[in-house]
Structure formats: structure tokens, C-alpha cells
Amino acid sequence: MNRRSFAQSLGGAMALSALPGSWSSSPGGIPGPIMAIAAHPGDGLFTMGAALAQQIERGGTGALLSLSLGEKGASKEIQVQQYGEMQRTATQKATHLLGVAESIFLAYPDAGIPYNEESTLAVCDAIRQYKPDVVVTHWSGSWHKDHQNCHLIVRDAVFYAALETLSRSRPAHSVSKIYYADNWEDATNFVPDTYLDIDAVYEKWLQACDFYPMWRGQTGFFRYNDYYSALAVMRGCLAGFKHAVALMSDPGQRTSRLRSL
Ligand SMILES: [Zn+2]
């Protein structure tokens, strides 16, 4: 198992972190490619889109992989298939606005994303194709089965992608860091340890989210726009930035290897 870059990336993981009074910025230079992998497009934009946009703003590249179209979030007035296409169109507009180089959909059914060898290898192949340094995805503490499965799929896919002896159409690729996104549906035991300054992209990110009917409250009760726009302010207060997103690093990234304290 090739976990070296993942497990030994502690220094890099902390580079984006900030605690009140002790924040730091990433070291100079262009950030590495970042890939957001979400169960549904709304999760990708609302909870991971600002991090994508921020890395792109600093000269990096980004890709968004959605495992489904989120088509079953349709309201009674909209057919499920039609809503799926609305979600696809909104995602294309949003990612274009944010400068995301690749927006990819895997056509698993909403509310039925499978956690199995096929789906894990499909995500592995996407990771090998787009070669991200950083992956952002769902935390496991979710009530939503698609989010839980996405978390499990991504963890296994990162492992498979790095496995030199796993022969696929593309060569192995090691992801350096995994972060879990701050999602109201994945809140159980979510403990952020990394705060990312998104002030430079905050307004553009809100515009991108506004392409989705769900963001504007047209498909359900939850006030996505109020929640996520305010969350960025609240996380910014904690981080010492005007606007921030909070992320939770994978436990494997938190291990220190020191010769002395
Ligand atoms: Zn979702």
C-alpha cells in the first residue's frame, strides 16, 4: 500500500490551517491540483466549491466529480429527469464561473449511489486521470446514505489510485491530502482543524451557488443560501479571516513524527 505521501504530508496539511492568533498562509508558489468529489452537485458547490475556487484563484487547477445528478431533490412541480438536467446545467455554469477545469458526472442514481468495487474503481480512474494533490469530499458522519457511501468510495479510491500493482488504463497516482467538507448533513463528529481563507472568492462563489434552484429555496425547506453564506462568516470569525471554510483533515494526516518536541 502506497500511503507515504498521504501519511507523511503533515507539514503540508498544516500549511492551510489557521488558529486564532497563529494563522499561516500556504507557502509561496502555485498550489497543486485539487479535486472535489461529492455525492450530489449541490454538495460539490456549496460545501467544496469555495475551496476549489480559492485554489484556482491562487493559480491552481480544480476538478469537480459528482457521483450523481442529485435528481431526486426535485420539487413536486418538476420531473425528476428534468431536474437532473437542471442540476447538470447549473453545475456547468457554476464551474465555468469559478474556473474549474473539469466537471465530471458519474451517472449513479440519486439516493442509490452504490459503495462497491465498480464505483470505487470508477473514482480511482478519475483520480488517476486528473492527478489531484488534494481531494475534498464528504465526512463520514452523515445521515445521508449517499454521503456515507461517497466517503467510503473516496477513501478506497485514493488507496486504489496509489496502488502501483493495481493495473488500470492509467498509471498510479498518490493523493497527498484528503480533507472533509463542512456540510450540514454530515455534522456528526465533524471537528474542523483547518481553516481556509476564501475572502477573495466569496462573492464569486455565492454567484456560482445561485445557479442552483435548491440554493434559492425553490425545492425544499432548507435555507442553503443563508446557511452557507453565514457559515463562511462564522468560520472566518474563528479563523481570523473575513470569510473562511472549515475543513477536517483525514486522521492519517495528523500524525507527527518528531525527534524532539
Ligand atoms: Zn447531498
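## Two loops with positive phi

Lysine 131 sits in the loop between α5 and β4. This is a predicted model, and in it lysine 131 takes a positive phi of about 50° although it is not a glycine. With a relative accessible area of 42%, the residue is partly exposed.

Alanine 111 gives us another case, this time in the loop between β3 and α5. Its phi is near 70°, again a positive value in a residue other than glycine. Alanine 111 counts as partly exposed because its relative accessibility is 39%, which falls between the 20% limit for buried and the 50% limit for exposed.

## The sheet

Seven strands make up an open sheet, and reading across you get β3-β2-β1-β4-β5-β7-β6, with mixed pairing. At the edges are β3 (102-105) and β6 (194-197), each of which pairs on one side only. From one strand to the next, the twist averages 25°.

Which way do β6 and β7 pair? Those two go antiparallel, with four bridges between β6 and residues 244-249 of β7. One of the bridge pairs links aspartate 197 with alanine 244 of β7.

## Around β4

On one side, β4 runs parallel to β1, and three bridges join the two. Methionine 35 has valine 135 of β4 as its bridge partner. β4 also runs parallel to β5, this time with four bridges. There, valine 134 is the bridge partner of lysine 177 in β5.

What covers the picture for β4 is how its side chains sit: both faces of the strand are covered. Val134 and Val136 point to one side, Val135 and Thr137 to the other, and all of them are buried.

## Helices on the sheet

Helix α3 (residues 41-57) lies across β1 (34-38), β2 (62-66), β3, β4 (134-137), β5 (177-181), β6 and β7. Its direction is at about 175° to β1. Helix α5, residues 117-130, packs on the sheet as well, touching β1, β2 and β3. The angle between α5 and β1 is about 160°.

## Where α3 meets α7

Helix α3 also packs against helix α7 (residues 202-209), at an angle of about 135° and with the axes 10 Å apart. The crossing of α3 past α7 is right-handed.

Which residues of α3 and α7 make the contact? From α3 come Leu45, Phe46, Gly49, Ala50 and Glu57, and from α7 come Lys204, Trp205, Ala208 and Cys209. By type, the residues of this contact split into six nonpolar, one polar and two charged.

Alanine 208 lies in helix α7. Is alanine 208 buried or exposed? Its relative accessible area is 0%, so alanine 208 is buried.

Setting aside neighbours within four places in sequence, alanine 208 is in contact with Leu45, Ala94, Leu97 and Leu98. Leucine 98 is 110 residues away from alanine 208 along the chain, yet their C-alpha atoms are separated by 7.1 Å.

How values were computed:
Residues numbered from 1 in each chain as written. Predicted model: local features only at pLDDT ≥ 70, side-chain atom pairs only at ≥ 80, totals over all residues. Heavy atoms only, no water. Pairing = 2+ DSSP bridges. Axes fitted to C-alpha atoms, helices over the stretch in contact; angles between N-to-C directions. Contact = heavy atoms within 4.5 Å. Left-handed = near helix turned anticlockwise from the far one by under 90°. Nonpolar A, V, L, I, M, F, W, Y, C, P; charged D, E, K, R; others polar. Buried < 20%, exposed > 50% of the residue type's maximum accessible area, 1.4 Å probe, protein only.
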